[in-house]
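Dear colleague,

My notes on it follow directly after.

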Amino acid sequence: MSSELEKAMITIVKIFHKYSGHKCKLKKADLKDLINNEMTQFIMKIQDKDTLDLLFSDLDQNGDREIDFQEFIPLIAMVTSACHDLFMADH
């Protein structure tokens with residue numbers, strides 16, 4: 001049986017693939033949908049194009065205009081770290 005952490009990691013992989021499709025890469029619209037649908041408690045909905053463009057270019061390390069899983073993970077790490085900081089401040 002998987003641990004809670006292992007279940008969380010499996011969920012991250014499944015959510016990425018839900019939005020990336022068979023190519024296993026997120027386009028800008030896919031990233032926007034993922035954030036707006038799956039991270040609404042931690043990140044404000046992305047509504048303006050400039051915010052999306054900036055985030056996308058920061059994540060797209062190889063410049064291919066797509067976000068693969070390895071490029072996606074830093075977003076998860078940054079959001080998780082920010083949540084940790086908020087959690088620790090509350091305690």
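In which helix does Lys14 lie? In this predicted model, Lys14 belongs to helix α1, which covers residues 4-20. Lys14 is exposed because its relative accessible area, 59%, is over the 50% cut-off. Its C-alpha atom is separated by 19 Å from that of Phe42, a residue 28 places away along the chain.

Helix α1 itself has 17 residues, which should span 24 Å at 1.5 Å a residue; the end C-alpha atoms are 24 Å apart, in agreement with this. Phe16, Tyr19 and Ser20 are the buried residues of α1. They lie on the same side of the helix, because they cover an arc of only 105° around its axis. An α-helix has 3.6 residues a turn, so residues three or four places apart point the same way. On the other side of α1, Glu4, Lys14 and Lys18 are exposed. The buried residues of α1 pack against α2 and α4. After α1 comes Gly21, with a positive phi near 70°.

Helix α2 (residues 28-38) has Leu31, Leu34, Ile35 and Asn36 buried. These buried residues pack against α1, α3 (49-59) and α4 (69-90).

Phe69 is found in helix α4 and is partly exposed, with a relative accessible area of 22%. Leaving aside residues up to four places away in sequence, Phe69 touches Ile12, Val13, Phe16 and Cys24. Phe69 and Ile12 are 57 residues apart in sequence, yet their C-alpha atoms are 9.9 Å apart in space.

With kind regards

Definitions and conventions
Residues numbered from 1 in each chain as written. Predicted model: local features only at pLDDT ≥ 70, side-chain atom pairs only at ≥ 80, totals over all residues. Heavy atoms only, no water. Helix = DSSP H or I, 4+ residues; strand = E, 2+ residues; numbered from the N terminus. Buried < 20%, exposed > 50% of the residue type's maximum accessible area, 1.4 Å probe, protein only. Contact = heavy atoms within 4.5 Å. Expected span 1.5 Å × (residues − 1). Arc of directions from axis to C-beta.
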